[in-house]
Amino acid sequence: MSGRKEQNQIRNIGIMAHIDAGKTTTTERILYYTGKTHRMGEVDDGAATMDWMEQEKERGITITSAATTCFWRDHQINIIDTPGHVDFTIEVERSLRVLDGAVALFCAVGGVEPQSETVWNQADKYQVPRIAYINKMDRVGADFFGVVKEVNEKFSAKSVPVQIPAGAGEYFTGIIDLVYMNYRVYHDEDLGATFDDFPIPDDMKEAAAEYREQLLEAISEYDDTLLDKFLHESPIDPADIIRAIRKAVLNCKVVPVLCGSSFRNKGIQKLLDAVVDFLPSPADLPPIEGFSVDGKKKLHRKLSPEELFTALAFKIQTDPHAGRLCYIRIYSGQLKSGMSVLNPISGIKERIARILLMHSNKRADVEIASAGDIVAVIGTRKTTTGDTLCDTRHPIMLEMMKFPEPVIFVAIEPKSKADQDKMTEALAKLEEEDPTFKVKINEETGQMIISGMGELHLEILIDRMIREFNVQANVGKPSVAYKETITSTVEAEGKFIRQTGGKGQYGHVWLKVEPSENGTAFKFENKIVGTTIPREFIPYIEKGVKEAMSNGTIAGYPLTGIKVTLFNGSYHDVDSSEMAYRIAASMALQDAARRANPVILEPVMSVEVVCPEIYMGNVVGDLNLRRGKINGMVPRNNLQVITATVPLAEMFGYATVLRNLSQGRGSYTMQFSKYAPLPREVAARMFGNMIFV
């Protein structure tokens, strides 16, 4: 039972929020109060423990998710501090995939901002139980109840305060706890490490009673003992409330809301208590579900050290001292250093040389890691993000991670011959670390093209290449990753026949090509009946179709959003070959794409601009000129929030323009929304009228 008890005392949590809501500052305070660090690092001073990369220190933002372990109330808390900037959203996605619980941070002034919505939806996708922490209660314009209302309006889970603030802005003095019904005041002289709990002040008693009633009403249905006491108005023990909240949180039905000011050292100990009291341990989770290697059979593994070993690799990192680090979440069994494990996706066995417990970019060796642990391992050569590692004799594949396609690219070339090999190696390592970063060679020009999720994303990666790998490079201007698709259905014949005496080549197919249902996915269907084309050639026909899709017929951009049905063809007993069918399928698809009214698709971004009302007219006018579609304008305190969808091609350099339009008082966030057809007149202007004839 000791293993079980240890699992009960583990919390794997992530801190997620919009950029600049105070995630890293909150993590720094957690490390200080749990005794992990002996001084508080500040993001503004470039001294935050968790922002260890040079680029993070300079920009004051989190770029890579950092992992650390600390202890509170005899519990081990593994924390991942995730980035808030949308360009690094994959870091949040892959962290949430392996976490058991999350702390959703909101700014008491900013409320629910665009990236808050993105990370909340990502947490919904993986059904991650969470608590909400409303930070920056000391700021002018802080509105705790306004943010709670906004969270309830925008998200499906019911958010219920378990604390309310005593005052706001400069009058924020402490926290009223609705579970224990007391008033906590933190001492400034020791940076909030000590505090006093007082009875609730008279002027707050009515509000505290009202919100406690709301809390009990929301959670009583999850605990019969509490419900009975609540209905009969009997005295209620705090343990009853905590038990009911925990049950509701584990079922993703209720989100307890806390408050504080991380920068002013108020509220962190209560937040740590809430992590221990309300968020799940690995022991609370159902068995992890996976599949057999052929994908036909469902398999389950209990989250127990006694089970067969199963883990998910969720991050690859190149460390200058330790080499290639692979971060894994162990779901079942135990891992010992020196042990061999199987990667069922590649079929390769990997030997684990070392197991490391991480603290930001520092590490400690451990000999053994068990179910529920998040560790980094050294020794994996071929394992990448999203791969499963498992027992060599009992393979299981966990659900793969899906990553968004890059929307922006730049050409890059080494400054000298000496940089050539170094650059290739550096880009390969960066691509391995980041699944949303792609490197390819343009076959026509021979140029190396790198693509990613946004201007900042590529800027950081190029900066890392120069600093970490000491590679000098010339970088082109950013370009948009356009795509092509078709708008009508056609049938096309592809024939590749070379018969010159002796063994020749013979491939003959008929394809029906049409737009796919959701407009983005590719689907291949085989409707050949009998032996018109032998079964062994079908995969090569699909391969030929996919190869042809890499170059569209308008401007050579990749084709997307098509469904291809193979419905007829013929074969030759002697001359038919895999290559012949591949070429025939490729020819048929190119012919079909030309005749199926092709269009160019462009990435369209969701943009949110926050600016004083006086500049709103200028900002809206400018967005309209950028082919933007205004979706809404909402007041937020003394500011206006403008939401719009704007083509990415029109948003380059927007930060400078917005600064000029709003005299430096406007800010914006942007994230990928969808691909949409490029208007005909814009396409004609960019690519020439001849392509639409």
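Predicted model: local features only at pLDDT ≥ 70, side-chain atom pairs only at ≥ 80, totals over all residues.
At roughly what angle do the axes of helix 11 and helix 12 cross? Residues are numbered from 1 along each chain as its sequence is written, and side-chain values use heavy atoms, without hydrogens and water.

Two packed helices are described by the angle between their axes and the distance between the axes. Axes are lines fitted to C-alpha atoms, for helices over the stretch in contact, and angles run from 0 to 180 degrees between N-to-C directions. Helices are DSSP runs (H or I, at least four residues), numbered from the N terminus.

| Pair | Axes come within | Crossing angle |
|---|---|---|
| Helix 11 (residues 417-433) and helix 12 (residues 455-468) | 10 Å | roughly 130° |
| Helix 13 (residues 538-549) and helix 14 (residues 578-595) | 7 Å | roughly 45° |

Helix 11 and helix 12 are therefore oblique to each other; angles under 35 degrees count as roughly parallel, over 145 as roughly antiparallel, 65 to 115 as roughly perpendicular and the rest as oblique. In their contact (heavy atoms within 4.5 Å), helix 11 contributes M423, A426, L427, L430 and E433, and helix 12 contributes L461, R464 and M465.

How values were computed: Helix = DSSP H or I, 4+ residues; strand = E, 2+ residues; numbered from the N terminus.
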